[in-house]
Amino acid sequence: MFDTDELVLNMGPQHPSTHGVLRVVLRLDGERVIDADVVIGYLHRGIEKLSEARDYTQIILLTDRMDYLAAATNNLGYVETVEKMMGLEVPRRALYLRTVMSELQRIASHLVWLGTHAMDIGATTVFLYTFRERELILDLFEEYCGARLTYNCMRIGGLPQDIPPGWEKKVREFCDLFETKVPEYETLLTHNRIWLERTREVGVISGEAATAIGLSGPPLRASGIFRDIRKDEPYAAYSEFEFDVPLGTRGDTYDRYLVRIEEFYQSLRIIRQALDGLPEGPVIGKVPRLIKPPAGETYHAIEAPKGELGYFIASDGKSLSPYRFRVRPPSFCNLQALRQLVKGHLVADVVALIGTIDIVLGEVDR
């Protein structure tokens, strides 16, 4: 039309399918993508540098604001890093409850992913179903800590308070209910012809390529790579529970969907085991009044809903603030694969491929 072979198209930074302020500069040959540049930074708030000017307790609040769909796991990764630096012992009851909250958070995060990803591809009903169940999890968090999004629900050395009376029973009721809801999502999507055509063989990435680019979480496991920090380097109380790590075989968008669906069931399995064996006792250990880790450097990672969430903290041993604070966020690392995923596909597939890696821009930009 313009006597040119290539067309450069700006997608974003304000576009509903980018799930935040993300700009993707696409080079097109007709409807087909021949290259893409990902432009980030629109949501940068300087959380890492800000953390170097806050004391160790105040930083928990800041971690809430990275992946705002997984505040509990953000909190957990950070407090465990400080505990590792200081050699603090956390009571077993707190470890079990941390595990329960982490898996509730994983389910809630996956529900947002599934609902929005399906809506991006045109399946609006699934969005309504998944947000219905997510509300029940938010109710549980609200009852525990008073918040529905940014929880601030972990403390260095344990938890801020014990669970309220009846909370354990409500979690069990949620598990029983949710187990009947997942098949509803699968009925709508798993064998849906349109869903299959939009996701199968779309955005294929081999296990070798996924490892080389630094993918983690469901996108890596969907490529057949067995890597789950809950199994490889257990934290909280995961070493005491039995669960499986679902893997894909093709590494396409459909496999990434199947892996997350199976993770719903595995999370329920973990939660039930944790509640069955929930120990009595305190939820906070012996913690110094002033948090001042000894001089040194520590890296600690957990398996967040989107992948490996790691914290690197350097302490000079004198200050009440970290000398250096750095985060390894799964959304940022997984976003690196987008360019490779979209090459050769149609413009319409870019929407599905952004959704399939499940990014949150608050975590990408920090």
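Are Arg-106 and Glu-103 buried or exposed? In this predicted model, Arg-106 is buried, and Glu-103 is buried as well; the views below begin with this pair and then turn to other parts of the structure.

Figure 1. Side chains of opposite charge can pair when their charged atoms come close. A search of the whole structure finds 38 salt bridges, and the pair shown here is part of a network, in which salt bridges with shared partners join Glu-103, Arg-106, Arg-221, Asp-228, Arg-230, Glu-263 and Glu-303.

**Figure 2. Glu-263 and Arg-221 form a salt bridge between two helices.** The closest N and O atoms of Glu-263 and Arg-221 are 2.7 Å apart. Glu-263 lies in helix H11 (residues 253-276) and Arg-221 in helix H9 (residues 218-221), so this contact ties together parts of the protein that are 42 residues apart in sequence. Glu-263 and Arg-221 are both buried.

**Figure 3. Arg-269 of helix H11 pairs with Asp-244 of a loop.** The two side chains meet in a salt bridge with an N to O distance of 3.1 Å. Because Asp-244 sits in the loop between helix H10 (229-232) and H11, while Arg-269 lies in H11 itself, the pair ties together parts that are 25 residues apart in sequence. Arg-269 is partly exposed, with a relative accessible area of 31%, and Asp-244 is also partly exposed, with a value of 44%.

**Figure 4. An open sheet of 3 strands is arranged in the order S6-S7-S8.** The pairing in this sheet is antiparallel, and its edge strands are S6 (296-304) and S8 (324-328), each of which pairs on one side only. Neighbouring strands are turned by 10° against each other on average, direction ignored. Strand S7 (residues 307-315) is joined to S8 by 5 bridges, and Ala-314 has Arg-324 in S8 as its bridge partner. Helix H3 (residues 71-86) packs on the sheet and touches S6, S7 and S8, with a direction that makes about 150° with that of S6.

**Figure 5. The largest cavity has a volume of about 30 Å³.** Rolling a probe the size of a water molecule over the atoms shows where empty space is left. The count comes to 1 cavity of 30 Å³ or more. Its lining consists of Tyr-68, Leu-69, Gln-105, Ala-108, Arg-134, Leu-138, Arg-148, Leu-149 and Tyr-151. The elements that give two or more residues to this lining are H4 and helix H5 (124-145).

**Figure 6. Helix H14 is mostly covered.** Of the 10 residues in helix H14 (residues 347-356), 9 are buried. These buried residues are Val-347, Asp-349, Val-350, Val-351, Ala-352, Leu-353, Ile-354, Gly-355 and Thr-356. Just after H14, Asp-358 takes a positive phi of about 55°.

Note on methods: Residues numbered from 1 in each chain as written. Predicted model: local features only at pLDDT ≥ 70, side-chain atom pairs only at ≥ 80, totals over all residues. Heavy atoms only, no water. Pairing = 2+ DSSP bridges. Helix = DSSP H or I, 4+ residues; strand = E, 2+ residues; numbered from the N terminus. Axes fitted to C-alpha atoms, helices over the stretch in contact; angles between N-to-C directions. Contact = heavy atoms within 4.5 Å. Salt bridge = Lys/Arg side-chain N within 4 Å of Asp/Glu carboxyl O. Buried < 20%, exposed > 50% of the residue type's maximum accessible area, 1.4 Å probe, protein only. 1 Å grid on protein atoms, 1.4 Å probe; cavity = no way out; pocket = protein on both sides within 12 Å on 5 of 7 lines; lining within 4 Å. Points joined across faces, edges and corners; volume = space filled by probe spheres on them.
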